[in-house]
Protein chains: 2
Amino acid sequence: MDEGLRERKKRQTRRRIADMAMGLFMARGFDQVTVAEVARAADVSVNTVFNYFGTKEDLFLDRQEEVEDLQSRVVRERGKGESVVAAFRRDFMEAIEERDWRYGLNEGADVFGRLVGDSPSLLARFRELEHAQTQRLARTLAEESGAAPDDLTPSLVAAQILETTRLLSRHATARTLAGESWAEIVPQLRSQAEQAFDLLEKGISGYCVRV
Amino acid sequence: MDEGLRERKKRQTRRRIADMAMGLFMARGFDQVTVAEVARAADVSVNTVFNYFGTKEDLFLDRQEEVEDLQSRVVRERGKGESVVAAFRRDFMEAIEERDWRYGLNEGADVFGRLVGDSPSLLARFRELEHAQTQRLARTLAEESGAAPDDLTPSLVAAQILETTRLLSRHATARTLAGESWAEIVPQLRSQAEQAFDLLEKGISGYCVRV
DNA sequence: CTCCAAATTTGGTGTGACTGCAAGCTTGTA
DNA sequence: TACAAGCTTGCAGTCACACCAAATTTGGAG
C-alpha cells in the first residue's frame with residue numbers, strides 16, 4: 001500500500017546512482033569524475049541525477065546526515081547523574097573499541113577522509129555538515145537544559161564537545177593513512193582521548209547534570 | 001628601486017578590482033553579481049580579475065587573512081603569569097569596548113555577516129578561513145608550549161578559544177542585524193563573554209602559563 | 001482493459017565560474 | 001633603441017547546475 005512499484009523504483013534508482021558515483025569517486029577522486037560520467041554509469045540522464053541529489057557533493061556525503069540524530073541520542077539517553085560531557089566521553093571511548101563509524105573511526109574512514117581532503121568543494125560541504133551537526137546538538141542541549149533563548153552555553157558546549165571528538169578522530173585516521181596499524185594507534189588514541197576529555201570536563205563537567 | 005611603475009600599477013589595479021567588487025556586492029549581494037560585471041566595472045578583462053584573485057570569493061574576503069597574525073600576536077605578547085585564555089579574555093573584553101574589527105564587532109560587521117550568510121559559496125570560503133586561523137593559532141600554541149608533535153592539546157585549546165569568540169561575535173552582530181542598538185547589546189555581551197570565558201578557564205586556565 | 005492524471009525522466013538550452021593558450025601590449029634593461 | 005620579461009586580453013572549452021517543454025511511466029477510476 002505504501003510501497004508501490006513507483007517508490008521501489010525510486011529507491012533503486014537512487015541507490016544505483018549513489019553506488020556508481022561512490023565507485024567512481026573511490027577509483028579516481030571526486031574532482032576527476034564528472035556528473036555526466038556518473039549519470040552514464042548509472043544509465044540515467046544528468047537531469048535525473050540532480051533530481052535525486054541537489055549537488056554533486058551530496059552524491060558523496062549522502063549517509064553522513066544521520067549522524068546528527070545519533071549524537072543527540074547520546075545526550076538524551078545518558079544515565080542518571082551523568083553529565084553531557086561524561087556521556088560523550090563514555091560513548092567515544094566505547095566507539096574507539098568498536099571502531100564506530102559515527103565518529104569516523106571505522107575501517108576505510110581514512111580513504112574517505114583522504115578523498116574529502118583532496119577536494120576543496122567536498123571539504124567545504126563536509127564542514128557545512130559538521131556545522132549543522134553542531135547546531136543540532138546545541139538545540140538538543142538547549143532543550144534538555146531549558147536554557148534561555150540567548151544563553152550561549154548550549155552552543156558553546158556543543159561546539160567544544162564535537163570539536164574535541166573531531167580532532168581525535170581526524171588525528172587517528174591521519175595516522176592510519178600514514179601507514180600505522182590500527183592496533184598500534186588505539187592505545188595512544190585512548191590516552192589522548194582521556195586527556196582531551198579531562199580538558200573538557202574540568203570546565204563543563206557540572207553542566208546539565210541529569211537529576 | 002623596489003617600487004617601479006610596474007609594481008605600483010599592479011597594486012592600483014588590484015585595489016580597483018577589489019573596491020569595485022565590494023561596492024557591487026554590498027549593493028546587490030554576492031551571488032547577484034557576476035565576475036564579468038566586476039571586470040567591466042574595474043575596466044579590465046575577466047582574465048585579469050582571475051589573475052589577481054584565485055576565486056570570486058577571494059574578491060570579498062581579501063583582507064580577512066591578516067586576522068591570523070593578530071591572533072597569534074595576542075598569544076605571544078601576553079604578560080608574565082598570564083595564561084593563553086586569560087590573554088584572549090582580556091583582549092576580547094577590550095575589543096568589545098572598542099568595537100574591534102578583528103573579532104567582527106565593528107560597525108558594519110553585521111552587513112558583512114549578512115552578505116556572507118546569504119551566499120553558500122561565500123560562507124564555505126569563510127569557514128575555510130576560520131579553519132586556517134584555528135590551525136595557525138594551534139601552531140603558535142604548539143611552539144609556545146613546546147608540545148610534542150602528536151600532542152593534541154594545542155589544537156584543542158585553539159579550537160575552543162576561537163570557537164568561543166566567534167560565537168560571541170556572531171551573536172552580537174546577529175542582534176544588531178535584528179535592529180538592536182549597539183548600546184543596549186554591549187552590557188549583555190560583556191556578561192555573556194565573562195560567562196563564556198569562565199566556562200573555558202575552569203578547564204584550561206592552567207595551560208601554557210608564561211613563567 | 002482503457003483512459004486519464006500525476007509523477008518521473010529526458011533532451012535541449014543557457015548561465016556563470018574557471019582554465020589554457022596564443023597573440024598583443026607594457027615595462028625594465030642592456 | 002632593441003630585446004626580454006611580464007601583464008593583459010580574446011577565444012575556445014569544461015563543468016556544475018537551472019529552467020522548460022516534450023516524452024515516458026505509473027497509479028487508479030471506470
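Guide: Start with the fold of chain A. Read along the sequence, its pattern is α-α-α-α-α-α-α-α-α-α. Keep in mind that this is a predicted model.

Visitor: How many helices and strands does the secondary structure of chain A come to?

Guide: The count is 10 helices and zero strands. A helix here is a DSSP run of H or I with at least four residues, and a strand needs at least two residues of E. The C-alpha trace of chain A spans about 55 × 45 × 30 Å along its principal axes.

Visitor: What span is expected of helix α8 of chain A, and what does the helix reach?

Guide: Helix α8 of chain A covers residues 120-145, which is 26 residues. The expected span is 1.5 Å times one less than the number of residues. Just after α8(A), A:Gly146 takes a positive phi of about 60°.

Visitor: Why are the two copies said to be related as by a two-fold rotation axis?

Guide: Two copies of a chain are related by a rotation about an axis and a shift along it. Here chain B superposes on chain A by a rotation of 180° with 0.0 Å of shift along the axis, at an RMSD of 0.1 Å. The relation is therefore as by a two-fold rotation axis. The same surface serves both copies, since 100% of the contact residues of chain B recur in chain A.

Visitor: Which residues of chain A does UniProt list for "DNA-binding region"?

Guide: An unreviewed UniProt entry lists residues 34-53 of chain A under that name. Over residues 34-53 of chain A the chain is 75% helix and 0% strand, with its end C-alpha atoms 14 Å apart. For "domain: HTH tetR-type", UniProt, again in an unreviewed entry, lists residues 11-71 of chain A. Residues 11-71 of chain A are 70% helix and 0% strand, and the end C-alpha atoms lie 26 Å apart.

Visitor: Which helix supplies the largest share of the surface near DNA strand C?

Guide: α3(A) does, with four residues. Near DNA strand D the largest share is again four residues, and they come from α3(B). The residues near DNA strand C divide into six nonpolar, eight polar and six charged. Near DNA strand D the division is six nonpolar, eight polar and six charged.

Visitor: How do you know that B:Asn47 makes a polar contact with a base oxygen of DNA strand C?

Guide: A polar contact needs a pair of N or O atoms within 3.5 Å. An N or O atom in the side chain of B:Asn47 is 3.1 Å from a base oxygen of DNA strand C. That passes. B:Asn47 also has a side-chain N or O atom 2.2 Å from a base oxygen of DNA strand D.

Visitor: Which residues have an N or O atom by a phosphate oxygen?

Guide: On DNA strand C, the side chain of B:Lys9 places an N or O atom 2.8 Å from a phosphate oxygen. A backbone N or O atom of B:Lys56 lies 2.7 Å from a phosphate oxygen of DNA strand C. On DNA strand D, a backbone N or O atom of A:Lys56 is 2.7 Å from a phosphate oxygen. The side chain of B:Tyr52 has an N or O atom 2.9 Å from a phosphate oxygen of DNA strand D.

Methods. Residues numbered from 1 in each chain as written. Chains lettered and ligands numbered in written order. Predicted model: local features only at pLDDT ≥ 70, side-chain atom pairs only at ≥ 80, totals over all residues. Heavy atoms only, no water. Polar contact = N/O pair within 3.5 Å; in protein donor to acceptor, adjacent residues only side chain to side chain. Nonpolar A, V, L, I, M, F, W, Y, C, P; charged D, E, K, R; others polar. Least-squares fit on C-alpha atoms with pLDDT ≥ 70 in both. Contact = heavy atoms within 4.5 Å. UniProt positions renumbered as here; feature names shortened; annotations may be inferred.
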